[in-house]
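Here are a few friendly notes to read alongside the structure. Please have it open as you go through the points.

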Amino acid sequence: GRTHQIRVHLLSLGLPIIGDKDYNFKKEQKFRLKNMDANLRNLVSLFPRQALHSYKIEFDHPILKKHIKITCDLPNDMKDLYTNLK
């Protein structure tokens with residue numbers, strides 16, 4: 001989204017993005033953290049960056065007149081986060 005829309009909408013649903021320092025946890029999110037296993041709570045609380053990743057983007061290039069598709073796997077730190085949260 002243009003102006004942090006994804007982050008704002010998820011926060012309003014009580015589902016903030018892990019590692020988002022600008023859109024801090026409200027009371028209900030802090031309550032959820034307190035009810036997590038201590039190891040998971042630390043993993044989520046201390047994740048050093050936003051756990052937000054674009055796997056794929058596709059667009060029609062206006063000059064080349066070609067359809068462009070770019071994919072990018074999850075970075076290793078996010079793979080570890082995902083594995084631990086499953």
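1. Let me start with Pro48. Pro48 is exposed, at a relative accessible area of 67% (exposed means over 50%, buried under 20% and partly exposed in between, with a 1.4 Å probe and protein chains only). Pro48 sits in the loop that links helix 3 to strand 1 (56–60). Across space, the C-alpha atoms of Pro48 and Ile18 are 9.0 Å apart, while 30 residues separate the two in sequence.

2. A word on the ground rules. This is a predicted model, in which local features need pLDDT of at least 70 and side-chain atom pairs count only at pLDDT 80 or more, while totals for chains, interfaces and linings use all residues. Residues are numbered from 1 along each chain as its sequence is written, and side-chain values use heavy atoms, with hydrogens and water left out.

3. Now the overall layout. The chain has four helices and two strands, and its order along the sequence is α-α-α-β-β-α. Helices here are DSSP runs of H or I with at least four residues, strands are runs of E with at least two, and both are numbered from the N terminus.

4. Which helix pair is worth a look? Helix 3 (residues 38–45) and helix 4 (residues 76–85) pack at about 150 degrees, with axes 11 Å apart. The axes are lines fitted to C-alpha atoms over the stretch in contact, and angles run from 0 to 180 degrees between N-to-C directions. Helix 3 and helix 4 are therefore roughly antiparallel, a label for angles over 145 degrees. Their crossing is left-handed, meaning that the near helix is turned anticlockwise from the far one by less than a right angle.

5. Which residues form that contact? Leu40, Leu43 and Val44 of helix 3 meet Leu81, Asn84 and Leu85 of helix 4, where contact means heavy atoms within 4.5 Å. By class, the residues of this contact are five nonpolar, one polar and no charged.

6. Setting aside neighbours within four places in sequence, Tyr23 contacts His4, Arg7, Val8 and Leu11.

7. Do check the backbone at Lys65. Lys65 is not a glycine, yet has a positive phi of about 55 degrees. Lys65 lies in the loop between strand 1 and strand 2 (67–71) and counts as exposed at 70% relative accessibility.

8. Finally, the whole-chain totals. Of the 86 residues, 17% count as buried. Among contacts with a separation of 6 or more, 41% join residues 24 or more positions apart.

Terms used. Angles under 35 degrees count as roughly parallel, over 145 as roughly antiparallel, 65 to 115 as roughly perpendicular and the rest as oblique. Ala, Val, Leu, Ile, Met, Phe, Trp, Tyr, Cys and Pro count as nonpolar, Asp, Glu, Lys and Arg as charged, and the others, Gly among them, as polar.
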